[in-house]
Amino acid sequence: MSGTAFILDGYVDEPACLGVPPYISPYIRTVAGALLEHHFTVRYLTIDQLRKEPLRTADLNKADLLVMIAGVTVPGKYLGGTPVTLTEIQQVGHMVHGPRKLIGGPVGFGYAAEGGQQAIRQVISGFDALLAGEPAVALDNYLRGNDPAGLLDYTRTDPWSIAGSSVISQHPGYPFVMCELETARGCSHGATGGCSFCTEPFYGMPRYRGIAGIAAEVAALHTHGARHFRVGRQPDILAYGAGAGEYPAPEPAKVEALFSAIRAAAPDLKTLHIDNTNPATITRHEEKAREALRAIIRHHSSGDVAAFGMETADPAVVAANNLKANADEVFRAIEIVNEEGGKRRDNVPELLPGINFVCGLAGETEKTYELNEQFLDRVLKAGLSIRRVNIRQVMPFEGTPAFTSNTLGRHDRRFRQFKEFVRTRIDLPMLQMVFPIGTVLRDVLVEVSGDLSFGRQMGSYPILVGVPLRLPVRTVTDVVVVDWGMRSVTALPVPVRINELPASVLRWLPGIGKKKVAAVIAKRPFRDIEAYRKVAGKSAIDAVLQF
Ligand code: SF4
C-alpha cells in the first residue's frame, strides 16, 4: 500500500507527554517516518485546522490512508489548541470516505471529556483499526499485513523519528513548534504499582532511549527548522539512564551527556526545557540530583520548569494512593530546585519547580484541602518560588486503582475554595516574586489578537502574557511586565514609546495609573526621561522607555 497518507493530529496529553500546539508529540513524527518508509506522501493536518476549514474533509477523502493520533489521559486547559472530542473522532470515522482509517495514541486507554469524569475504554466506530500499543510500530506492522499492534522498540522508532522530522514544517504554528522529545517510557514507581491515578505504568518499567538516537533526531529536526525543544516525554528526567529500583539514583554524567548532545545537535536552538521531575528522586539522592540539575542548567535555556507531581499534602491520601512522595519530601525538593535554579538569566529564573495537585483521590477529606493550603502557605512564607500550581480533578482510567477507588463529587465545594485560595493567595505573590514589574520577557509569541492580545514565550509552562494592544497573531516581541493578573502578567512591547501610546495603554504604566494619564497626555511629547519623570516619577521600567 502507498499513495497519500494524512496524519490527523487530534493531540495528546499524558502524564509524561504533551502534543497540544505549540507542542508536537513524538508519536506524530515517528508515524510520519513509518509512513515515509512505506513510500507514502505524508500530509499533516490538525483537528483545529479541520474544525476551522471543514472543507478540508475533501482532501482527506482523496487520501489513501488516514492515521489519527489522539488521547488525553490528564485533564488540562490549553491556549494553543483543543484536543479532539470523542464525538469528533466518531464524526471523522463516519464522514471521511475513501482512505483506510486508523486511530492510535493514548485514546486506546479510554476517553473522558474532562477531569472529574471516569475515562472509559470506548469502541471507536468508523475506523478500520485501532493501532494498539506504540502507534508507529503498530502502523508498520499493519502496513506489512500483520495485526495493527506493537510494542515500543527504539531500534525501530529511532530511524522513523529522524525520517519523520520533516513533518514539523507542515505544522500550522511552524516555525513556532515545540518538539516534545522522548528519552524514556514507563515509570520506576510502577515497581510498586505506581500512583493510583496514573496511566504511565501501563507502559511498564522504564526503558531509556539512547543518546545517539535522541541526538540524531534533534539534528534532523534542527535541519528542518526546529528551534524549540522540550525534553518532556519521560516521567522523571533526573532518572535518565538510571539503574533499577523504584527510586533509582540519578546518574549526572548521563544527564550531562544527554543535554550536551542535544545542544551540539541543534546549535541554533532557542528553547531547551524539561518537564517532569520526581521530587522523591531529589530528596532521596540529594547530591546526585543536584549534580544532574546543574547539568541541565548548564545546557538548557532559562525560564525552565521542573514539574513535580505532588498531588496532595495529606499523608492519608499519599498512603491510600501509593503516591511517590510525601509533603516534606516535596518541600525539600522545592528548596533544592530553588537553590540550584533560582538564579536569573535573561531576566528570568533558570529553573523553578511547578507543582501539580490532583483532587478527588481515595482517602481525601475536607482536611486534605486544609493541609494543601497549609503546605502552600509554608512554601510562600519560606520565601521559595514556585513557577505555577496546577490543580486538577482526577480523570480515573480503567485499569488504574483510582477507577474504582476515588472521592470524586464528594468535596466539590471545598475543591473550588482551594482553587480560589491558590489563585488569590498563592499565585499572585508567586508571580510578583518571579516576574517583578520591569521584567523583560524575550520573544513572546502572540497567539490571540484583540484589544487585549495574549501571547506566551515558547517553553515549559510559559507565563500567559496579556498585552493591552491589538497585535497580529504570530507577532514575536519582547515585552516588559507592568502588572499581574490572576495567572498572567500584563506587559507592553519594548521599547515603550511613551509619546505614541494611546491613553488606554498609558494607564498600565507604573507611576501613571488612571489618575495621571491626562497629565501625561497634556505634557507629551517628552524630550527625555528627566522630563517624563517630572510627571510620572521613577519606575521599574525606566530602562525600556523610549522618547
Ligand atoms: S511517579 Fe506516579 S505520577 Fe509519576 S509517572 Fe510514575 S506513576 Fe505516574
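Predicted model: local features only at pLDDT ≥ 70, side-chain atom pairs only at ≥ 80, totals over all residues.
**View 1. The aromatic pair Phe-357 and Phe-418.** Eight aromatic pairs are found in the whole structure (rings of Phe, Tyr and Trp, the latter by its six-membered ring, with centres within 6.5 Å; planes under 30 degrees apart are stacked, over 60 edge-to-face and the rest tilted). The ring centres of Phe-357 and Phe-418 lie 5.3 Å apart with their planes at 85°, so this pair is edge-to-face. Phe-357 belongs to strand β17 (residues 351-359) and Phe-418 to helix α15 (residues 412-434), so that the pair links distant parts of the chain, 61 residues apart; helices (H or I, at least four residues) and strands (E, at least two) are DSSP runs numbered from the N terminus. Phe-357 is buried at 0% relative accessibility (under 20% relative accessible area is buried, over 50% exposed, and in between partly exposed; 1.4 Å probe, protein chains only), and Phe-418 is likewise buried at 0%.

**View 2. Charges over rings.** The charged end of Arg-378 sits over the ring of Phe-331, 3.7 Å from its centre, and that of Arg-233 over the ring of Tyr-203, 5.1 Å from its centre (NZ of Lys or CZ of Arg within 6 Å of the ring centre and within 35 degrees of the ring normal).

**Notes.** Residues are numbered from 1 along each chain as its sequence is written, and side-chain values use heavy atoms, leaving out hydrogens and water. Local features need pLDDT of at least 70 and side-chain atom pairs count only at pLDDT 80 or more, whereas totals for chains, interfaces and linings use all residues.
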